[in-house]
Amino acid sequence: MSTRRTFLKLAAAASLAPSVASAQGAGAGKVVVIGGGFAGATAARTLKALEPRLTVTLVEPSPVYTACPFSNSVLANLREISQQEFRYDGVKRAGVIVAETSATAVDADARTVTLADGNKLAYDRLVMSPGIDFNWAALPGYDEAAAQKMPHAWKAGAQTTLLRNQLQAMDDGGLVVMSVPPNPYRCPPGPYERASLIAYWLAIWKPKSKLLLLDAKDAFSKQRLFQNGWAELYPGRIEWVPLSKGGKVTSVDPATLTFTTEFGSHKAAVGNVIPPQRAGAIAGQAGVADRTGWCPVEPVAFESTLRPGIHVLGDAAIMGGMPKSAFAANAQAKVCAAAIVALLAGAKPQDPILINTCYSLLAADYGISVAGVYRPDKGQLTDVPGAGGVSALDSVGGLRGQEALYAASWFRTITAETFG
Amino acid sequence: MGRVLLPVLASALLLAGPTQAADAPPGASSCTGCHATTRIADSVIPRIAGRKAADIVTFMREYKSGAWPSSVMGRIAKGFDDQQTDAIAAWFAAQPE
């Protein structure tokens, strides 16, 4: 038995033996998890580790998960896309049944999930972690066909490779244009990390090229750290256009790679559209998404406030102050798994505390971070006052290089915990 | 292993109270996103499972006050009071290294 399994089993035995022993027959519980990303794979593995008698089925159509964190480094040729890829062997080894198909319908009253292969799964508790879908209707001119001309690369994989190839094929001096949607969206600092790492790559390979960052917002995550870093590392190369200066993109034309804003239009040599987003489509079908397109949940077990028995995790959920990040998804999944085991045993889940940490790279050896600590307060997850915040503005003692190393270590650790 | 673990487990039980045994206290499960529970992950971030509870508490207290420099841990430590930190430290100390 591996060290990890010993750890989890001991943790499980230590923490849950009394409540499980007091609830005879709780082991017959069935949990279905829809979506095998950082939230879903973590939830499935943790559920089995905490309560081996549970039947846990992970519904995920893709045999390979391509992770978004660090995919901006693939654009800058600092990593290969294969280093972003994770399979579900470790999830299966944990005793989880992996159904390699998609969920087509959820019946919250009958507590069943219908699968694309025709099977139907009954559940006592359902975990939905469908991630994001793009709200194609929200940006005129942009659809799935347009994404082949102006990649979003906001779900990592073929789109990441497409955008990297376009950058490499671009003439030196060509203008790279990125558009950033309004909040909320997956990975708040992600667009700015991407702009940084594209600028890093341009400075080496396309030194006459510049990057125009069209933004539907007037402020963004780790803004001063990014802007200080851009001035230090890439003077004059990145132009950020905020909402108030006409940064909001109102339509795009994939035939001419043109971005139209409220103030004018910009023709790109390479165009990257980060589209407006909402929870994965199955969330709408299940009735757990509200009119915003995202899923409201209570802050202890992350159970939907719209459909009892369904827990929503990760990017799809409205998690109060917690951002849509891989770290947050993994943290929520561990809390939710323990809460579900408690609920199935007839116990009350404890009030959780959660941490988020997000690293961003501005160059291969230049990292910054934002952190937060969250707890339930007045019905939602709320920042613990006085905690959290961003890296120090003054980089002393090699802090930026240290945080770049921490970022890489974090990625190896969290993917090992998530996928086994 | 038993000789090393038993005293630590006993102190964990004392801290957390007998009814909850060594139940993972609030906040503990988030730590393992960075502090690996397995040796598989190649990491410059130290593993904390099986470390002395008193040492973990000392690091958290000094990071929180700023007496010891840190990148991210000072910002995180400020989210936990002494009792919460003690409980998390005792729980990790009771896990196999």
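Hi everyone, let me start with a term: when I say contact, or that two residues touch, I mean heavy atoms within 4.5 Å. With that in hand, which residues does A:Trp230 touch? Not counting residues up to four places away in sequence, A:Trp230 touches A:Tyr192, A:Ala195, A:Ser196, A:Leu213, A:Phe220, A:Pro235, A:Ile238, A:Trp240 and A:Leu362.

Some housekeeping before we go on. This is a predicted model, where local features need pLDDT of at least 70 and side-chain atom pairs count only at pLDDT 80 or more, while totals for chains, interfaces and linings use all residues. Residues are numbered from 1 along each chain as its sequence is written, chains are lettered from A in the order in which they are written, and side-chain values use heavy atoms, with hydrogens and water left out.

Back to the tryptophan. In the largest nonpolar core, which has 132 residues, A:Trp230 and A:Val106 touch the most other members. A nonpolar core here is a set of buried Ala, Val, Leu, Ile, Met, Phe, Trp, Tyr and Cys residues joined through side-chain atoms within 4.5 Å, and buried means under 20% relative accessible area, with a 1.4 Å probe and protein chains only. Helix 9 of chain A, residues 326–344, gives the most to this core, eleven residues; helices (H or I, at least four residues) and strands (E, at least two) are DSSP runs, numbered from the N terminus. The core lies between domain 1 (3–133 + 278–350) and domain 2 (138–275) of chain A, because both give residues to it; the bounds come from an automatic or database domain assignment. Apart from it lies another core, of 15 residues, including A:Ala147 and A:Leu257.

Now for the partner. Chain B has five helices and zero strands, and 47% of its 97 residues count as buried.

How do the two chains meet? The contact takes 43 residues from chain A and 36 residues from chain B. Together they bury about 3300 Å², 64% of it on carbon and sulfur atoms; that is the accessible area (1.4 Å probe) that two parts lose on being put together, summed over both.

How many salt bridges cross this interface? The rule, a side-chain nitrogen of Lys or Arg within 4 Å of a carboxyl oxygen of Asp or Glu, finds one. The side chains of A:Glu403 and B:Arg75 form it, at 3.5 Å, N to O. On the side of chain A that touches chain B, helix 10 of chain A gives the largest share, twelve residues.

Terms used:
Buried means under 20% relative accessible area, exposed over 50%, partly exposed in between (1.4 Å probe, protein chains only).
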